[in-house]
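Take them in order, with the 3D view open beside you.

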Amino acid sequence: MDFEYSYDGKTFLVKIDGDSSGGYKAVIADKEYEFTASNISLNEFSILLNRKNMKAYVAESDDGVFVHIEGRVIKFKKPGAGNGGFGGAGGEFGVKDEISTPMPGKVVKIIVSEGDRVEAGQSLVIVESMKMENEIKSPTAGEVVSVNFKNGDLVEPGQTIIKLNPSDAD
Amino acid sequence: MFKKILIANRGEIAIRVMKACREMGIESVAVYSTIDRDALHVRTADEAICIGEASPNESYLNIDAIIKAVKETGAEAVHPGYGFLAENYLFAQRCEKEGIVFIGPDSKALKLVGDKVASREVTEKEGITLIPGMKDKSTDVNECLSEAEKIGFPVLLKASAGGGGKGMRVVNSKGELKDAVEAGMREAQTAFGDPSVYLEKYIEKPRHVEFQILADNHGNAVHLFERECSIQRRHQKIIEESPSTALDDDLRRKMGETALKVVEVSGYTNAGTVEFLLDENGNYYFLEVNARLQVEHPVTEMVCGIDLVHAQIRIASGEKLWFSQGDLSQRGHAIECRVYAEDPESNFLPSAGKILYMKEPTGPGIRHDCGVYSGCVVSVYYDPILSKLITWALTREICCRRMAAALSDFPVLGIKTDIEFLHDVIVHPEFLKGNTFTNFIPVNMPDWKPVVDDEMLNRSLLSAAIYSDNVGKRTVVSGKSEEFPSPWSTLGDWEIGK
C-alpha cells in the first residue's frame, strides 16, 4: 500500500508491504527499510529495525495522523485535509490578512477600529480562553478593513475576527 | 469521622480527593456541570449530581447550587480542592452557617490570609520580612501609578483575591502600567469575581520556596518542609520539587519557624502553604498564605510519607495532630511536572480538543494524578491542567532521570501538551545543576522547539504507515469499529480438541 503524509509543508510518500507474520518492507524517498512490527493495540506497537526497538503510539483525527515516538509527537496532515485548526494569525498555516483565534474563546477587547493603520506585531484584539487572556498581534503591517466581532462576543476557531489589507511596503 | 464528603471541584484534584475518601471508608459525591457528564471525576465518585451550566459561574463557582447539592445528598463535609471556591471565605462562611464542615481553615482565617493586603499587615506587625509593596489593594489606575512610582519599577501586578498567576504581570515602566492594570483587573474579575489588584517590588532572579503546614483545631501546628517551585511560565508553576537545592539545614529551620509563625498569627488551621521568595543571598520574603491544598502537594507527600488529603479530612473532623515536628523528616527527592493542554511553541496558549489516545507512565517511584482519559474532550471552559506526573527517588539525580524517562514514554495524542517541553527542562544542564530561578524558562528555554531530525521523521512515517495499513486491514468486530481484530475472527475454521 502507498500512503501520503505531509509535515512542515512537505509531502512524503511511504510504500509499505506487510506479510502475515508482522514482517514489513517499506520505502521512503528511495530509502528502503525492512523491519518487524508487533501490535499491542491498534494505537500502540513496537518496531524492530536492525534490532533497534522503538515504541510507537499512533492515533488519527479527521485531518491528521499523530505519532508519538521516542518522546516526541509529530502530527502529519493527511493529503487533502485543510489547515486543521492551525489557522491562528501568523501561525505556520495562517492566512496573513484574516485574523482568527486558534481556539474558541471570548473577545474581551477589540483594540483597533476599521480604517486604522497597524504595524506588524501591534496588538489587535484580546481573546480569553481557558481563563487566560491572549493578545493576538498583527502578522503584518497594513490597514484594518473590517472588525467582525465586538467585546463580549464568543468566537470559534477559524472565524475571521479582523480583516486586514496588508501594505506592500511590508 | 464523616460518612460522606462532597467534592466541590473537577479534574485531577477532585479525583485525588475521592481516592482518599475511598481509602478512608468515606463515600464521595461529585458535582458536575452539564458538559462534564463524561468527565473522569464523575466516573470516579460514588454519587454525582449536576449543578448547572458549563460556565464556572453557573456551576463550580455557584455557591447556592453546591450547598443545595450537599443538602440533597446528605454529605456532612465539603472538600473544595484548589481553585474555584477553595479560597472563597463567603463559601466557607455559608458552609458554617448551614452546619456543613468546610475542609479547610475557618472563614475568618480564610478571609484574612486570602486578602493579600490584610495578611501583609498582620504579618508585618510580627516582624516577618515582606517585599516592599502597596499598603492597599486598588481598582484605580491612577492610584496604582502613584504607588508604582513610590515602590520603583519594575513592579509586579497581582490579583488581590487569588493565586495561580491569573492577572499577574511584570510592569517595567510607567508607560506599560495602564494597560497592564486594566488587563489584570479584567482577568481578576473573571477568575475570582473581584477586580482588585495589588502592586509590589519585583525581585529579579529569585527562587520560589514554600512551606507546607498542617495545623489542627486544638492549637498544634507542624511544617512539612519546603517545596521549590521556581520553574514557571506565565507566572504559574509547572515544575516543583522537594527538597530545594538552595536550602541548607539552618535556612530550612529558620524558614520553617517563620512559616509556623505566620500560621500562628493568622489563626490558620488545616493544610496550608506559606510562600516565600528567596534571593541569592539567602534572604527570604514572605509572599502569602495559600489557604488550600496546593497543586504541588504530592512532592511533599512523597518525601515526608504523610498523605495530606487524609490529614485534611482527619483535622476537619476534629482530630488532634497525631505527630509532632520531631517525627517529621525528608527522605529522598521528589519532582512534579504539571501536564497542561497548552502549546509551548506559541506562548503556552491553551489547547482544547479531544484526546484521541493517551497512555499513563507507570513504574517504581512514578505517580500520576490524572483527570483525563483516552477519548475525553478537554473543554475551553476550565483550567487546562490535565494531570500531574510525580517521580520519587533517593537522590535528585535519579529522580530527574526517572522523570525524564517517564515523560518520554507518555503519549498524549490529539491535543497540544507541554510534555515534550517539560522533558527538555528536566534534562537541561542548568536544571540538573539545581540552578533553578523563576526566570529559568525565558533565560534557558527561549523560543523552544522540539528537535525532530530526519531519522526520527522517517521512523515516524513508518509508524504512521503501519497504522494506516492496519486500519485498512481492520475488520469490524461486533459493531465496534475501533477494535483491533480479535483472534476469533481471524483464525478461520477450527474446533476445540481437534
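**A first walk through the two chains**

1. Let's begin with the layout of chain B, which is divided into domain 1 (4-103), domain 2 (132-201), domain 3 (207-444) and domain 4 (461-490). Please keep in mind as you read that this is a predicted model. Between domain 2 of chain B and domain 3 of chain B, the C-alpha centres are 26 Å apart.

2. Next, look for an open sheet of 3 strands in chain B, with the order 7-6-8 and antiparallel pairing. Strand 7 (169-171) and strand 8 (197-201) of chain B are at its edges; each has a single partner strand, so one side of each has no neighbour in the sheet. From one strand to the next, the twist averages 30°.

3. Now zoom in on one pairing within that sheet. Strand 6 (residues 155-159) of chain B runs antiparallel to strand 7 of chain B, and 3 bridges make up the pairing. A handy landmark here is L156(B), which has V170(B) of strand 7 of chain B opposite it.

4. Two helices accompany these strands. Helix 7 (residues 141-151) of chain B lies across strand 6, strand 7 and strand 8 of chain B, at about 15° to strand 8 of chain B. Helix 8 (residues 174-192) of chain B also packs on the sheet and touches strand 6, strand 7 and strand 8 of chain B, while its direction makes about 25° with that of strand 6 of chain B.

5. How do helix 7 of chain B and helix 8 of chain B pack? Their axes are 10 Å apart and the angle is about 140°, which makes helix 7 of chain B oblique to helix 8 of chain B. The crossing of helix 7 of chain B past helix 8 of chain B is right-handed. On the helix 7 side, the contact is made by V141(B), C144(B), L145(B) and A148(B), and on the helix 8 side by K174(B), L177(B), K178(B) and V181(B). Sorted by class, the residues of this contact are 6 nonpolar, no polar and 2 charged.

6. Helix 12 (residues 396-408) of chain B packs with helix 13 (residues 419-426) of chain B at an angle of about 155°, their axes being 9 Å apart. Helix 12 of chain B and helix 13 of chain B are therefore roughly antiparallel, and helix 12 of chain B passes helix 13 of chain B in a left-handed crossing. Here C400(B), M403(B), A404(B), L407(B) and S408(B) of helix 12 meet I419(B), L422(B), H423(B) and I426(B) of helix 13. This contact of helix 12 of chain B with helix 13 of chain B has 7 nonpolar, 2 polar and no charged residues.

7. Moving over to chain A, you will find an open sheet of 4 strands in the order 13-12-10-15, with antiparallel pairing. Strand 13 (132-137) and strand 15 (154-155) of chain A are its edge strands, each pairing on one side only. Strand 10 (residues 105-110) of chain A is joined to strand 15 of chain A by 2 bridges, and the two run antiparallel. Opposite K106(A) stands L154(A) of strand 15 of chain A.

8. Finally, what does each chain bring to the contact between chain A and chain B? Chain A supplies 50 residues and chain B supplies 44 residues. Strand 6 (residues 52-60) of chain A gives the most to the side of chain A that touches chain B, with 6 residues. That side of chain A has 33 nonpolar, 10 polar and 7 charged residues.

Notes:
Residues numbered from 1 in each chain as written. Chains lettered and ligands numbered in written order. Predicted model: local features only at pLDDT ≥ 70, side-chain atom pairs only at ≥ 80, totals over all residues. Pairing = 2+ DSSP bridges. Axes fitted to C-alpha atoms, helices over the stretch in contact; angles between N-to-C directions. Contact = placed C-beta atoms within 7 Å. Domains from an automatic or database assignment. Parallel < 35°, antiparallel > 145°, perpendicular 65-115°, else oblique. Left-handed = near helix turned anticlockwise from the far one by under 90°. Nonpolar A, V, L, I, M, F, W, Y, C, P; charged D, E, K, R; others polar.
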